[in-house]
2 protein chains.
Amino acid sequence: MIYFDNGATSYPKPYSVVNAVEKSFSKFCANPGRGGYETAMKSAEMIYNAREAAAQIFNSDAENVVFTPGCTYSLNMAIKGLCKPHSHFIISDLEHNSVVRPLEKLKALGQCDYSVAEITPDKTETVSNFVNLFRKNTVAVICTLSSNVFGIMPPVEKIAREAHKNGIMFILDSAQGAGYLPIDMAKDQIDINCSAGHKGLLGPMGTGLLVISKDMCLNTLIEGGTGSNSESLNQPNLYPDRLESGTPNVHGIAGLGAGIKFIQTVKPENILSHENRIIKYIFDELKSSENIILYSDFYDGVPKAPVLSFNIKNMQSEETAALLAENGICVRGGLHCAPLAHKKFNTLESGTVRITPSWFSSEKDTDFLVNCIKKIAK
Amino acid sequence: MIYFDNGATSYPKPYSVVNAVEKSFSKFCANPGRGGYETAMKSAEMIYNAREAAAQIFNSDAENVVFTPGCTYSLNMAIKGLCKPHSHFIISDLEHNSVVRPLEKLKALGQCDYSVAEITPDKTETVSNFVNLFRKNTVAVICTLSSNVFGIMPPVEKIAREAHKNGIMFILDSAQGAGYLPIDMAKDQIDINCSAGHKGLLGPMGTGLLVISKDMCLNTLIEGGTGSNSESLNQPNLYPDRLESGTPNVHGIAGLGAGIKFIQTVKPENILSHENRIIKYIFDELKSSENIILYSDFYDGVPKAPVLSFNIKNMQSEETAALLAENGICVRGGLHCAPLAHKKFNTLESGTVRITPSWFSSEKDTDFLVNCIKKIAK
């Protein structure tokens with residue numbers, strides 16, 4: 001199997017991740033915060049260590065790190081946690097359905113409104129596009145760290161700065177990028193960072209992160225037992241308990257902690273340059289082919305994450321992906337749950353074939369991928 | 001380690017569960033419904049098989065089975081999915097904070113009201129207590145299959161029948177009981193069954209189930225990418241996609257499927273009689289001790305799940321649990337996230353020590369537990 005679908009979920013996971021999950025069934029198989037015996041305490045300690053590791057890579061504090069079942073949950077919790085009647089949100093035109101669908105739902109219920117800012121190749125213009133949409137009732141800007149379809153990276157730190165000047169929160173969707181693109185919540189004024197645990201962070205599927213800034217008050221989306229203040233019928237105010245109801249995904253968090261530690265050892269910048277090298281190689285190999293449309297060609301000069309979308313002329317993206325699958329190659333075709341981004345690049349009908357490498361992608365596999373694409377495009 | 005805290009999470013998990021999770025990292029490590037290549041297809045197939053197994057044990061259909069991150073999420077999704085402005089809910093006085101806290105939150109927002117029905121040793125009286133609270137705007141009754149603190153089993157099928165006669169939905173909280181207590185959604189007229197995956201169903205932590213009845217329309221609590229209808233900004237209406245946004249917990253579901261298959265092989269009735277035998281033995285051994293309060297003594301003759309709460313006179317439950325922990329015994333002391341139930345049995349201050357066995361609990365361990373309790377109580 002030749003895997004280039006790390007944007008969907010990373011594969012393979014490091015051995016340390018698989019080992020951590022396996023060991024969690026014997027070492028930590030107890031409900032943390034709900035028992036005073038040894039494995040329950042060890043389980044709580046392991047989770048705290050994972051929290052600290054996550055805090056380190058995002059420059060935040062352990063108590064601000066909330067473990068969630070995935071980035072979709074994190075985004076729902078962030079958006080609905082900030083939404084008050086007549087709230088206004090601003091999003092970029094590259095956002096995923098995990099941002100747009102919650103907002104559409106709230107809009108349909110008359111609970112909020114939202115505007116879409118255009119990302120252009122010009123940073124200053126892009127920032128202005130956001131600023132021009134600021135309203136008195138704007139509570140937050142939500143922007144992706146990098147487009148999950150095209151890799152385009154909006155100037156998030158500049159947008160966040162302008163938002164803050166106007167008393168507006170900044171929510172980052174780092175589903176694509178956390179683990180290899182730098183995220184400094186304190187420096188870049190990111191109030192909420194929503195992330196997947198199973199993509200660039202190399203953890204298991206079923207894990208996500210919601211990292212909030214200090215002293216933030218977020219309404220809860222889910223309430224229940226937290227193991228704390230159990231006598232109260234109300235959700236506790238203490239973080240992260242307030243946002244972590246029910247038995248945590250101990251096995252998943254064990255794996256995610258190991259994933260983050262793996263990244264800290266290898267170093268995000270090395271992962272990024274490895275993946276960028278692969279994407280650049282593929283791009284250079286395919287760009288001369290007449291029958292191939294390379295969407296990363298657009299927005300030249302704009303910073304891009306190692307995500308490459310392409311299509312073969314007169315072929316549906318799903319068909320191309322299926323032909324590659326026949327050769328044992330895993331890439332994703334179709335729409336990537338981001339209709340706004342597809343509309344922007346006129347690929348709502350065709351979809352795109354997306355290539356997303358990882359730290360484990362080899363030159364040999366990359367060559368095989370390139371040759372297969374060339375053959376199909378002949 | 002001598003483990004009697006299966007009410008918090010089951011331990012050990014069957015080998016097949018740990019193996020299924022481990023293998024999922026190589027066999028199914030792909031995002032189901034988001035790719036057309038082999039592992040993505042296999043991953044989707046594995047999930048479908050787990051869905052079918054869950055449907056079988058609850059007498060439902062695979063497409064009605066929604067995988068969630070835990071029972072707390074399932075209950076929040078059920079309650080908030082049915083809540084409309086001015087809704088009224090009825091709950092029992094044994095409910096967990098995962099039922100009470102979401103309702104308290106909705107009540108504080110002015111979005112719903114709820115009443116609490118008393119469970120008494122008399123079935124007919126209990127049913128009447130619910131019926132007397134029925135209002136025109138009552139949308140659902142929510143009742144636990146068995147108290148997570150005292151094991152008391154309300155007559156859920158009789159309550160459900162009366163609810164249905166009045167056009168009221170019935171939501172079952174089977175966090176404690178699914179896997180060893182019989183649940184027949186069709187026969188017992190259960191509209192929504194909310195369950196944990198990691199307790200009686202022997203799956204990994206981080207898994208839960210929301211099983212809905214056919215043709216039910218549930219509002220969504222979480223929206224996002226579903227891999228289906230990606231071009232739409234709105235959540236799809238198709239189940240289970242509508243209620244499963246974001247990358248599923250593939251590893252957890254693999255383990256949960258294996259857990260359910262293990263139960264189907266051993267048979268729930270055998271698990272139940274094994275656990276009942278253990279609880280009866282402990283009860284009989286401890287009942288003559290003057291210094292021990294056995295809360296299962298109350299409600300004599302009422303059906304009970306294999307859950308035993310006790311206290312040693314003049315000792316906080318946490319202290320008793322800590323002394324048992326020194327002997328390598330894992331039981332939970334304190335409040336069990338169910339303040340209503342503790343209030344009912346006057347244990348809101350002391351808490352209780354809870355013993356919850358499993359299929360894997362041995363006679364030897366049970367004897368050791370009993371002897372340790374007796375020594376402490378001397």
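Predicted model: local features only at pLDDT ≥ 70, side-chain atom pairs only at ≥ 80, totals over all residues.
Which residue forms a salt bridge with Arg135(B)?

1. Residues are numbered from 1 along each chain as its sequence is written, chains are lettered from A and ligands numbered from 1 in the order in which they are written, and side-chain values use heavy atoms, with hydrogens and water left out.

2. The partner of Arg135(B) is Asp113(B), with 3.6 Å between the closest N and O atoms. A salt bridge here is a side-chain nitrogen of Lys or Arg within 4 Å of a carboxyl oxygen of Asp or Glu. The two residues sit in distant parts of the chain, 22 residues apart: Arg135(B) is in the loop between helix 5 (123–131) and strand 5 (138–144) of chain B, while Asp113(B) belongs to strand 4 (residues 112–117). Helices (H or I, at least four residues) and strands (E, at least two) are DSSP runs, numbered from the N terminus. Arg135(B) is partly exposed at 38% relative accessibility, and Asp113(B) is partly exposed at 28%. For these labels, buried means under 20% relative accessible area, exposed over 50%, and partly exposed in between (1.4 Å probe, protein chains only).

3. Next, have a look at Asp93(B) and Lys344(B), whose side chains meet in a salt bridge at 2.6 Å, N to O. This pair also links distant parts of the chain, 251 residues apart, with Asp93(B) in the loop between strand 3 (87–92) and helix 4 (97–108) of chain B and Lys344(B) in helix 10 (residues 339–344). Asp93(B) is buried, at 11% relative accessibility, whereas Lys344(B) is partly exposed at 23%.

4. Lys42(B) and Glu38(B) make a local pair, their closest N and O atoms being 3.5 Å apart. Both lie in helix 2 (residues 38–58) of chain B, and because they are 4 residues apart, about one helical turn separates them. Glu38(B) is exposed at 56%, and Lys42(B) is partly exposed at 35%.

5. Over all chains, the whole structure has 26 salt bridges.

6. Finally, the two chains. A rotation of 180° with 0.0 Å of shift along its axis puts chain A onto chain B, with an RMSD of 0.0 Å; the copies are thus related as by a two-fold rotation axis. The superposition is by least squares on the C-alpha atoms of residues with pLDDT of at least 70 in both.
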